[in-house]
Amino acid sequence: MERPTRPRVFVTRQLPGDALARLAAQVSLRVWEEQLPPPREVLLAETREVEGLITLLTDRVDEPLLEGAPRLRAVSNVAVGYDNIDVAACTARRIPVGNTPGVLTETTADFAFALLMGLARRVAEADAYVRTGQWRTWEPGLLLGTDVHGATLGLVGLGAIGAAMARRARGFGMRVLYVNRRARPDLEAELGLTRVDKATLLAESDFVSLHVPLNVETRHWLGRADFAAMKPGALLVNTARGAVVDPAALAEALASGHLGGAALDVTEPEPLPLDSPLLKLPNVLLAPHIASASHATRGRMASMAVDNLLAALEGRKPPHCVNPELFT
Ligand code: DGY
């Protein structure tokens, strides 16, 4: 049988916008059409003969997958985060890995700030209160929340999304502290931010918002001792990765009342099991990992992922490549 001349590509889900139509014009394409991710054995089988792979953060690209995919020349993740991919293993096989930074920065920060506001002012609780017929009259003590203006926000990570969050916070008159591997004097000058150590950030912040990638250094960055070191009644916002927080320690800190509440777009695991204690607490605001989910941004992410993949398949450096050393 004749070999197809076009590279074979497997995409692990339908993507918004017209990016896949553009891809289909250039490659021999298979797309997993289900709502749920391809089961592991399907992913392994589908990648066995392909040259290109477009993944989501729910798809694990690891040594066994790469071992079973000898023709693979390009991996492109439809996300800025790539903790689902063993990049070192890809690099060892000279496989470029693409991601989608930049395009989702503002959209993600919009949502992180929405979560912060929603948690502080108890928006979801208020909505449920009205819908379930509990609202009988105006009451001076009804659904009291926390002021956002004038409060202290502690940013964990000051990359692009952290900085976009800082801009929003400044607009609300917040004092902004940050921890980050490197100092950002440019942003300190522009936005009046203060770099502090972890202990100071935890002790002084009314709100703590997480904006770090998940890696060996950040896994369970907030554990039992860290929650104990937080200001009593502080509120946590997580739009980064669930595993940056130790879930058992989080549940305990919430149950004890030491932590005032948490707004979580990401959790460990995802989705949360229906018997998770987090689902029973009124001071937890939950979302299904949708911080980057605007029509425009998700369309752009898909388009960037296709551009990254096509470049790598042509032997060029993907416009957004997480292992650029392959091209030096
Ligand atoms: C990412 O891009 O890493 C987000 O978690 C999904 O947009």
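Is D226 buried or exposed? D226 is buried, because its relative accessible area is 18%, and the cut-off for buried is under 20%. Keep in mind that this is a predicted model. Here's a quick look at its ligand and some of its salt bridges.

**Around the ligand**
- The ligand has L57, A79, V80, G81, L104, R241, H289, S292 and M301 around it.
- Sort that shell by type and you get five nonpolar residues, three polar ones and one charged one.
- R241 puts a polar side-chain atom 2.7 Å from a ligand oxygen, and H289 also has a polar side-chain atom 2.7 Å from an oxygen of the ligand.
- For S292, an N or O atom of the side chain sits 2.6 Å from a ligand oxygen.
- On its own the ligand would expose 230 Å², and the protein buries 90% of that.

**Salt bridges**
- Side chains of opposite charge can pair up when their charged atoms come close.
- The whole structure has 22 salt bridges.
- One of them joins E51 and R71, with the closest N and O atoms 2.7 Å apart.
- E51 is in the loop between helix 2 and strand 3, and R71 is in the loop between helix 3 and strand 4, so this pair ties together parts 20 residues apart in sequence.
- E51 is buried at 6% relative accessible area, while R71 is partly exposed at 28%.
- D226 pairs with K198, at 3.4 Å between the closest N and O atoms.
- That pair ties helix 10 to helix 9, because D226 lies in helix 10 and K198 in helix 9.
- K198 is partly exposed, at 27%.

Terms used. Residues are numbered from 1 along each chain as its sequence is written. This is a predicted model: local features need pLDDT of at least 70, side-chain atom pairs count only at pLDDT 80 or more; totals for chains, interfaces and linings use all residues. Side-chain values use heavy atoms; hydrogens and water are left out. A residue is near a molecule or strand if one of its heavy atoms lies within 4 Å of it. A polar contact is a pair of N or O atoms within 3.5 Å; within protein, one must be able to donate a hydrogen and the other to accept it, and residues adjacent in sequence count only if both atoms are side-chain atoms. Accessible areas come from the Shrake-Rupley method with a 1.4 Å probe; for residues, only the protein chains shown count as cover. Ala, Val, Leu, Ile, Met, Phe, Trp, Tyr, Cys and Pro count as nonpolar, Asp, Glu, Lys and Arg as charged, and the others, Gly among them, as polar. A salt bridge is a side-chain nitrogen of Lys or Arg within 4 Å of a carboxyl oxygen of Asp or Glu. Helices (H or I, at least four residues) and strands (E, at least two) are DSSP runs, numbered from the N terminus. Buried means under 20% relative accessible area, exposed over 50%, partly exposed in between (1.4 Å probe, protein chains only).
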